[in-house]
Amino acid sequence: MGRNNAHWFALPAVALLGLFLLYPFLDVLRFSTWDWSGLSEPRVVGLENYRNILRDPDFYNSLRITLIFGVMTLIPFVILSILLALALDGQPYERPIKALLFLPGLVTLGGATVAWYTLFSPEYGALASVLPVPRWDQSPFWALVLITLFTIWRHIGYGVLVVSARLKAIPKALLEAAAVDGATAAQAFRYITLPLLRPAITFLVVIGTVLTLQGYTAVFLLTRGGPFGGTEVLGYYLYKTGFEVGRLGYAAALTVIILVLTLAFALAQARLLREEK
């Protein structure tokens, strides 16, 4: 079969990709040039929504909260993934522990947030009866900490699996040769294991950044952007603008800007980590 004929087999997949990804995106681009509530007649305003976003203090506040949330989440997520994968590597209980770590990601998000709310509620939570729980319902900082811990808890199993898979691919002969040459365990990790883990770390950083910038569900279910707007990340600000305030055209423009920011951050991080090789 010729190569040209083989391309026809890819046509259905390309058509589905265009139907479910490209067409909705082009529609979002079209909506972003409208002043539209979803109920009223749309009015074409060109790039006015984008100009208004660049002058919108609420947008910059949400971007600031999102970046803080990203730093609070991403760094411990990557470090914990590496440490847990190293600690579990080769142990007899490695598989059951990995399964337990992965379990929170399989629980429905709604059920998980209900469990966390009933556990960590400062007023009547199960933990509050034995330990003092910070008033995260009144403090933006502690509310952000709660969202951070919840996010890490949900995804740490995935991070451990990614790092662990890369660890298994590192030839044991390299570590044995380093030990024969007198390298300590710390030196072997610094000069052999860590550099070879770089592709997995790059993947986790990029995926973590994308999830952070697009994060919305946990905030919606646990804090609704509060208290005092302290957890109003970009994803929640987008939802509020589109479906609570009723500015769908403005929300569509926000969607495009968040997409551009996500791509820019992901590409910059991937390039930075690649250049550090």
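**Close-up 1. Thr231 in the loop between helix 10 and helix 11.** In this predicted model, Thr231 sits in the loop that runs between helix 10 (217–222) and helix 11 (234–244), where helices are DSSP runs of H or I with at least four residues, strands are runs of E with at least two, and both are numbered from the N terminus. Thr231 counts as buried because its relative accessibility is 0%; buried means under 20% relative accessible area, exposed means over 50%, and partly exposed is in between, with a 1.4 Å probe and protein chains only. The side chain of Thr231 makes a polar contact with the side chain of Thr223 at 2.8 Å, a polar contact being a pair of N or O atoms within 3.5 Å, of which, within protein, one must be able to donate a hydrogen and the other to accept it, while residues adjacent in sequence count only if both atoms are side-chain atoms. When neighbours within four places in sequence are left aside, Thr231 is in contact with residues including Ile65, Pro140, Val219 and Gly226, where contact means heavy atoms within 4.5 Å. Residues are numbered from 1 along each chain as its sequence is written, and side-chain values use heavy atoms, with hydrogens and water left out. As the model is predicted, local features need pLDDT of at least 70 and side-chain atom pairs count only at pLDDT 80 or more, whereas totals for chains, interfaces and linings use all residues.

**Close-up 2. Backbone of the loop between helix 10 and helix 11.** Most residues other than glycine have a negative phi, and most peptide bonds are trans. The peptide bond from Gly226 to Pro227 is cis, with omega near -5°, and Pro227 belongs to the loop between helix 10 and helix 11. Arg224, placed in the loop between helix 10 and helix 11, has a positive phi near 55° and counts as partly exposed at 49% relative accessibility. Phe228, also in the loop between helix 10 and helix 11, has a positive phi near 60° and is exposed, with a relative accessible area of 75%.

**Close-up 3. Helix 3 against helix 6.** Helix 3 (residues 57–88) and helix 6 (residues 140–169) pack at an angle of about 40°, with their axes 7 Å apart; axes are lines fitted to C-alpha atoms, for helices over the stretch in contact, and angles run from 0 to 180 degrees between N-to-C directions. This angle makes helix 3 oblique to helix 6, since angles under 35 degrees count as roughly parallel, over 145 as roughly antiparallel, 65 to 115 as roughly perpendicular and the rest as oblique. By class, the contact of helix 3 with helix 6 has 20 nonpolar, seven polar and no charged residues, where Ala, Val, Leu, Ile, Met, Phe, Trp, Tyr, Cys and Pro count as nonpolar, Asp, Glu, Lys and Arg as charged, and the others, Gly among them, as polar.

**Close-up 4. Ile152 in helix 6.** Ile152, a residue of helix 6, is buried, with a relative accessible area of 10%. Leaving aside neighbours within four places in sequence, Ile152 is in contact with Met72, Thr73, Pro76, Phe77 and Leu80.

**Close-up 5. Helix 5 against helix 6.** The axes of helix 5 (residues 109–120) and helix 6 come within 12 Å and cross at roughly 130°, and the two helices are therefore oblique to each other. Leu109, Ala112, Thr113, Trp116 and Phe120 in helix 5 meet Leu146, Leu149, Phe150, Trp153 and Arg154 in helix 6.
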